[in-house]
Amino acid sequence: MAIDFLYPEYEIKRDRDKCICCRVCERQCANEAHWYDPELQMMMCDSAKCVNCHRCVALCPTRALKIVKTDHTFKENANWTGEHIAEIYRQAGTGGVLLSSMGNPKKYPIYWDKMLINASQVTNPPIDPLREPMETKVFLGAKPGKVEFNSKGEIKNNLPPQLKLEVPIMFSAMSYGSISYNAHESLARAARELGTFYNTGEGGLHEDFYKYGANTIVQVASGRFGVHKDYLNAGAAIEIKMGQGAKPGIGGHLPGIKVREDISRTRMIPEGSDAISPAPHHDIYSIEDLRQLVYSLKEASDYKKPVIVKIAAVHNVAAIASGIARGGADIIAIDGYRGGTGAAPTRIRDNVGIPIELALAAVDQRLREEGIRNNVSIVVGGSIRSSADVVKAIALGADAVYIATSALMALGCHLCRSCQKGNCNWGIATQRPELVRRLNPDIGYKRLVNLVTAWNHEIKEIMGGMGINSIESLRGNRLMLRGIGLTEKELSILGIKHAGE
Amino acid sequence: MKRIYVNEKWCLGCHLCEYYCAFANSGKDSMVKALKNVTINPRIRIEEHGGISFAVSCRHCEEPICTKSCITGALTVNDGVIQIDKDKCVGCYTCILTCPYGAIVPSDTGAIQKCELCINNSSGKPACVAGCPNKAIVFEEKE
Amino acid sequence: MSKYVIIGNSAAAIGCVEGIRQIDKKGDITLIASEPHHTYSRPLISYLLYGKTDEQRMKYRPNDFYKKNKVTKKLGETVVSIDKKNKTVTLKSGEVIGYEKLMVATGSNPFIPPMEGLDSVKNKFTFMTLDDAKALEKAISKNTRVLIVGAGLIGLKCVEGILDRVASVDVVDLANRVLPSILDETGSELVKKFLEKKGVRFYLNDSVEKFDKNKAILKSGKSVGYDVVVIAVGVRPNISLIKDIGGKCQRAIITNNKCETSIKDIYAAGDCTESIDCASGEYKVMALLPNAYMQGETAGINMAGGTKLYDNAILMNAIGFFGYHMITAGDYVGETYESLDGENYKKLFYKDNRLMGFIMIGDVMRAGIYTSLIKNKTDLNTIDFELIKEKPQLMAFSKKKRSEFLAK
């Protein structure tokens with residue numbers, strides 16, 4: 001084997017005193033990092049194959065395993081970091097584009113962590129959510145600007161279609177293909193139990209999941225995979241995917257090897273063929289074109305379902321959002337640069353797009369200024385990590401949030417960021433049946449329900465502390481936020497005051 | 001009666017049930033102490049072939065043929081749980097001859113052993129169920 | 001007068017008590033047996049000598065069994081006749097007991113063929129009952145040379161029981177191989193070799209021509225010295241009670257699938273009976289403790305007014321010597337599949353898409369899966385026969401069947 005210059009980034013550490021050679025690590029590692037040596041009667045391992053997904057660690061019954069970051073290092077260099085060097089070696093070896101998955105892991109500022117939430121003291125007293133009603137229900141969709149009456153003087157129902165969310169949290173788009181059947185089932189069942197929505201992503205809707213339609217958002221992306229009339233009408237809303245935070249400006253790519261029978265049928269493409277979503281929608285080159293698609297979809301679904309347009313947070317996001325609002329969308333979904341993905345070119349993932357916090361503040365501000373904020377709801381995603389992030393997003397102006405990475409973690413994802421390899425040991429980002437089986441939706445959906453329920457409790461607690469008893473009163477309530485360690489410019493974009501002000 | 005049910009759809013073939021079973025019945029207080037350098041002889045066994053796997057242990061039949069066949073009276077039904085009196089058992093294997101599930105196996109002492117739902121060991125409830133990472137083995141009341 | 005009278009006190013009789021009590025919790029049960037002992041497991045007598053059990057542990061049911069089941073026991077008493085018209089039984093003591101339902105579970109007795117000089121042998125034993133075993137135990141020591149006539153199940157089990165406690169064991173049998181009733185030639189050879197390695201000497205295809213003082217002269221001309229002789233050539237079912245009153249008998253008492261004899265209200269079970277072997281469809285004596293128990297239980301349930309059929313009995317056996325185990329079942333007919341690996345031997349017999357019988361020696365793990373294929377007459381087209389040949393496994397069944405087995 002040619003030398004690849006690479007030393008494993010993580011090392012498998014086995015406590016030999018504790019290892020009982022049960023071989024569960026070997027059986028559970030799809031990367032074949034562990035094996036049993038009958039001669040030595042010992043478990044062996046190859047750290048180079050380890051993706052640090054912790055499957056073996058989690059299942060080891062004697063806790064004999066851990067994965068540690070290697071202390072092997074290149075000569076210290078603040079400019080040429082080990083990561084840069086290793087990536088150069090890798091590309092020099094393969095000549096290929098580096099691929100990664102999940103969200104941007106780089107050390108960019110996380111604005112959620114630079115904003116603090118207010119609480120009431122003395123005046124406008126806090127509310128105890130255990131004793132008093134606390135509303136986290138949200139309606140997404142365009143809100144009419146005025147009350148209208150018919151000729152008889154009766155109020156006209158001019159309310160466009162809405163999505164009713166019991167919690168201000170939805171599961172964002174992940175296609176069947178990028179994630180497994182069992183992951184989809186878990187999300188669908190959790191959405192139904194929680195009274196919220198999950199999103200098919202661009203892979204169509206598996207026939208088994210039509211029964212969850214009332215809690216499903218069906219997506220239409222540039223590849224139009226699996227899109228047909230029944231599909232458009234199967235869900236509660238239709239989402240047009242213009243872009244994705246993890247890889248703005250480029251399309252998706254599901255390798256043919258993952259396009260197995262079920263996926264081929266669901267996506268309506270031949271088995272084994274690569275599913276390539278073009279970077280643009282080939283029929284959309286302007287806001288007017290987008291408006292046509294929005295209305296085509298509304299027409300196809302009898303104007304009964306809200307249409308969402310999802311974009312990646314990019315530099316001129318506010319202007320784009322304004323166009324989308326004017327293009328007839330009911331909901332705008334904005335995906336920040338830390339949003340996850342099943343596969344993206346590393347350079348794109350790590351260097352393209354902007355933080356969702358800034359994008360959200362800018363969009364909300366712009367739509368308000370233009371007086372069209374009520375024409376659309378805003379949903380943001382791209383690394384919502386906790387209930388505090390949810391509260392801050394809503395205070396910045398979001399109606400609700402999309403979560404996906406957090407949801408996958410609830411299902412077992414350990415953020416090893418190797419989805420693109422298709423060997424997900426947790427049964428999430430894989431189509432290998434023996435791996436998919438590892439995610440039992442009976443367990444998975446319950447964990448999702450637990451997570452969102454826990455967050456919702458916390459949201460109520462935080463709202464109560466602020467003396468707010470309805471999530472509607474929190475939306476865009478930037479007075480509830482203060483910046484910490486932010487520059488004047490950042491504060492001004494976020495539209496918040498600094499702590500102490 | 002609560003029984004152990006196995007759903008092969010969710011079985012990963014990880015064999016942890018076998019190890020948790022062996023540990024629970026070892027009488028030791030740590031798995032390392034119980035199973036280090038030991039070839040386990042569990043009362044639940046995984047069958048695997050062609051990507052399918054599932055665990056097999058005593059079904060605690062309502063009409064158990066093993067207890068009726070037992071030549072010593074060592075196998076008895078107590079509150080629905082089929083139990084083995086290892087002291088009485090002479091290891092004639094007539095139960096192995098008759099059990100249609102192949103769920104009775106020889107123990108290391110010559111007597112036979114079988115799943116007793118962990119009622120007499122330190123686990124107190126089926127250790128295989130608790131140790132199954134994917135709910136392929138459940139302990140529940142049906143019907 | 002007792003509602004139920006049971007003659008016998010072994011597996012069939014106990015099964016009968018437990019069968020009756022499943023239906024009728026109160027009706028009087030009188031149990032009469034010639035042996036004075038609390039019910040014990042006869043097959044355990046070899047284990048008793050081998051030291052694997054003792055008299056307390058070999059009790060087939062706990063000490064409070066009779067009391068708990070409200071059984072009036074008359075142990076050490078023998079029934080000499082049945083009056084089917086008046087529905088009574090008469091004991092040796094002269095006592096007459098009336099019955100509504102009668103169970104005959106009289107078992108069998110060792111058969112002792114005429115052999116020249118046998119009368120002059122002072123230390124001769126059969127190997128059937130606890131008393132037999134205890135008598136034999138008294139007669140042997142580290143210096144005893146034992147001659148066992150019969151290389152069948154009883155003879156070889158006796159070998160296991162005493163081999164380590166005596167100076168030598170010689171086994172003579174008319175047949176040309178050991179355990180001919182349950183093994184094929186390959187199997188017999190494996191077992192014979194195994195036992196020879198343990199020190200047993202076999203004289204097969206041979207018989208005792210004459211017993212001299214401490215020496216047996218064999219037909220082949222060989223002479224075998226002995227101090228103790230054990231006769232284990234076979235058994236005869238005890239059928240006279242039924243035969244005497246005109247009940248239908250062949251080799252044993254004929255019973256139907258409710259375990260009734262041909263005489264009204266008289267049932268029979270265990271080694272004294274013949275019933276249908278579901279593998280071959282023929283009447284057979286299927287003398288094995290599990291069969292006896294299940295016959296007895298079936299009879300008991302029917303006697304008490306319940307309904308139960310005994311209709312899937314087969315010939316089967318589990319036996320082992322010094323940890324070398326063998327399990328066999330069914331009929332040895334049809335095509336065969338064989339595998340031999342050292343001391344592990346397996347042979348499957350199949351015909352008309354059914355497993356008819358099997359022999360497993362050494363590795364007998366999960367043999368019951370094969371047994372149930374025979375009993376259930378499973379169509380081999382519905383299972384993966386290749387997998388079943390490899391080893392007994394539930395994997396060979398369809399997904400639906402597996403789910404019925406394990407998930408329901």
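Biologist: How many helices and strands does chain B have?
Modeller: In this predicted model, chain B has five helices and eight strands. Helices here are DSSP runs of H or I with at least four residues, strands are E runs of at least two, and both are numbered from the N terminus.

Biologist: And which pattern does chain B follow along the sequence?
Modeller: Reading along, you get β-α-α-β-β-α-β-β-α-β-β-α-β for chain B. The radius of gyration of chain B is 15 Å, close to the 15 Å from the globule rule for 143 residues, so chain B is as compact as a globular protein of that length. That radius is taken over C-alpha atoms, and the globule rule is 2.2 Å times the number of residues to the power 0.38.

Biologist: What does the C-alpha trace of chain B span?
Modeller: About 40 × 40 × 30 Å along its principal axes.

Biologist: Before we go on, how are things numbered, and what can I use?
Modeller: Residues count from 1 along each chain as its sequence is written, while chains are lettered from A and ligands numbered from 1 in the order in which they are written. As the model is predicted, local features need pLDDT of at least 70 and side-chain atom pairs count only at pLDDT 80 or more, whereas totals for chains, interfaces and linings use all residues.

Biologist: Take B:Ala103, then. Buried or exposed, and why?
Modeller: B:Ala103 counts as buried because it has 27 C-beta neighbours inside 10 Å. You'll find B:Ala103 in the loop between helix 4 (94-98) and strand 6 (105-106) of chain B.

Biologist: Which residues is B:Ala103 in contact with, leaving aside neighbours within four places in sequence?
Modeller: They are B:Val56, B:Ser57, B:Cys58, B:Arg59, B:Lys114 and B:Cys115. A contact means that the C-beta atoms of two residues, placed from the backbone, lie within 7 Å.

Biologist: Which domains does chain B have?
Modeller: Domain 1 covers 1-57 + 120-143, and domain 2 covers 61-114. Such bounds come from an automatic or database domain assignment. The C-alpha centres of these two domains of chain B are 19 Å apart. Five residues from domain 1 of chain B and nine residues from domain 2 of chain B make up the contact.

Biologist: What sort of residues does domain 1 of chain B put on that side?
Modeller: Two nonpolar, two polar and one charged. Ala, Val, Leu, Ile, Met, Phe, Trp, Tyr, Cys and Pro count as nonpolar; Asp, Glu, Lys and Arg as charged; the others, Gly among them, as polar.

Biologist: What about the domains of chain A?
Modeller: Domain 1 of chain A is 10-96 and domain 2 is 115-498. Their C-alpha centres lie 35 Å apart. Nine residues from domain 1 of chain A and seven residues from domain 2 of chain A are in the contact.

Biologist: And how many residues does the contact take from chain A and from chain B?
Modeller: 16 residues from chain A and 16 residues from chain B. On the side of chain A, helix 1 (24-28), helix 13 (433-436) and helix 14 (441-466) each supply at least two residues. The largest share, three residues, comes from helix 1 of chain A. By class, that side of chain A has seven nonpolar, three polar and six charged residues.

Biologist: Switching to chain C: which way do strand 1 and strand 6 run?
Modeller: Strand 1 (residues 2-7) and strand 6 (residues 96-104) of chain C run parallel, joined by five bridges. Strands count as paired if DSSP finds at least two bridges between them. As an example, C:Tyr4 stands opposite C:Lys101 in strand 6 of chain C.

Biologist: And strand 5 with strand 6 of chain C, parallel or antiparallel?
Modeller: Antiparallel, with three bridges joining strand 5 (residues 88-91) to strand 6 of chain C. They form a hairpin with four residues between them, and C:Gly94 in the turn has a positive phi of about 100°.

Biologist: What about strand 18 of chain C?
Modeller: Strand 18 (residues 266-268) pairs with strand 6 of chain C in the parallel sense over three bridges. There, C:Leu102 stands opposite C:Ile266 in strand 18 of chain C.

Note on methods. Buried ≥ 20, exposed ≤ 12 C-beta atoms within 10 Å, placed from the backbone.
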